[in-house]
Amino acid sequence: MTPEQGARFKQATQAIDQGQFGEGIRLLQELDLEVDDFAVNRQLARALFEDQRFVEAYQVAERHLADYDQSRQLADFYVQLALKNQLFIPARQFIRLATHLTDAEGRLVKRAEEQYDRVGAQTLASRRRQFIHMGDCSFREQQRRFSEGRMLPLSDYLVGAKFLLRDPDTHPLIKSSLVQVLQQLRLNEELTVLWLDEKEHPLNIKELKPLGELTVVKEGEQLIAARFADQDPLSYQTYLREFHLQLAFLYPFVELAIEDPDAWVQALVAYSASGNEEPILRAHQWQERINALVTRLS
């Protein structure tokens with residue numbers, strides 16, 4: 001922050017300390033638009049929390065998720081904020097990834113889930129139905145229901161996810177997102193996924209690596225960088241985005257499609273499937289299948 005912005009930050013802090021939340025929040029929101037600073041984010045999230053504007057507070061804090069793992073106090077605040085919004089799944093994801101939290105916070109989430117199961121039973125029943133039946137809907141509606149599913153207790157979320165992963169009408173991107181959530185929760189669960197090849201594949205979540213840690217992903221990124229990063233930065237960004245989109249469709253069975261990262265990248269950057277090498281042809285076939293799915297997103 002500049003000295004002038006620092007002065008406004010101090011003014012906002014003083015206003016909040018004096019109970020003038022409206023003024024303090026207004027000043028902090030203006031600063032938040034000007035600078036990407038965790039001190040501003042933290043103070044704004046706390047002010048909104050104290051003013052019982054819990055949805056806004058979470059939306060602010062979520063932008064600096066990793067920074068809330070700097071201390072036990074900050075991490076605990078983030079969990080409390082998630083629970084105020086009944087965001088049980090994000091609270092559990094954060095606890096699993098955070099270095100400053102223990103099993104005590106996990107038990108706190110469990111108690112919050114049980115309490116909401118009693119006081120919000122009707123709302124919860126509606127969320128369960130919408131979540132598990134999202135395959136009946138358009139992709140946009142599936143996205144909405146997937147997001148709202150974060151407000152389910154873990155036991156309900158897991159039951160729904162297991163069903164949706166075998167449902168032929170669940171969009172592949174939603175399936176991929178579900179698996180990524182379960183992986184971040186570090187569950188020891190056996191499940192089955194009806195994948196892009198229209199076959200069912202068994203999967204143990206505990207044994208699954210995050211997408212970014214897969215060897216074929218790293219190799220693919222390195223090949224694209226070596227070919228374009230210095231010579232053609234625009235093409236580099238374009239092909240990297242396309243590669244990451246393809247990965248989103250393929251997860252969690254990326255290696256079943258990308259047998260040869262070099263052939264995959266050659267197919268990705270080619271203007272046509274003119275190469276006659278078998279690995280490149282197979283890569284083209286997979287990429288054409290993914291492209292067909294992409295065209296149906298809108």
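I checked which elements line the largest pocket: α9 (139-148), α11 (172-185), β1 (190-194) and α16 (278-294) each give at least two residues. Helices (H or I, at least four residues) and strands (E, at least two) are DSSP runs, numbered from the N terminus. I'm working with a predicted model, where local features need pLDDT of at least 70, side-chain atom pairs count only at pLDDT 80 or more, and totals for chains, interfaces and linings use all residues. Residues are numbered from 1 along each chain as its sequence is written, and side-chain values use heavy atoms, with hydrogens and water left out.

I noted a volume of about 410 Å³ for the largest pocket (the space filled by probe spheres set on the grid points, which are joined across faces, edges and corners). Its lining has 20 residues, with Pro-168, Thr-170, Pro-172, Leu-196 and Leu-293 nearest the centre. A pocket is an open set of points on a 1 Å grid over the protein atoms alone, with protein on both sides within 12 Å along at least five of seven lines; a cavity is a set where a 1.4 Å probe fits but cannot get out, and lining residues have an atom within 4 Å of a point.

**Then the cavities**

I found two cavities of 30 Å³ or more. The largest cavity has a volume of about 70 Å³, and α16 gives the most to its lining, with three residues. Among the residues lining the largest cavity are Trp-264, Pro-279 and Arg-282.

The second largest cavity holds about 30 Å³. Here α8 (121-132) and α9 each supply at least two lining residues, and α8 gives the most, with three.
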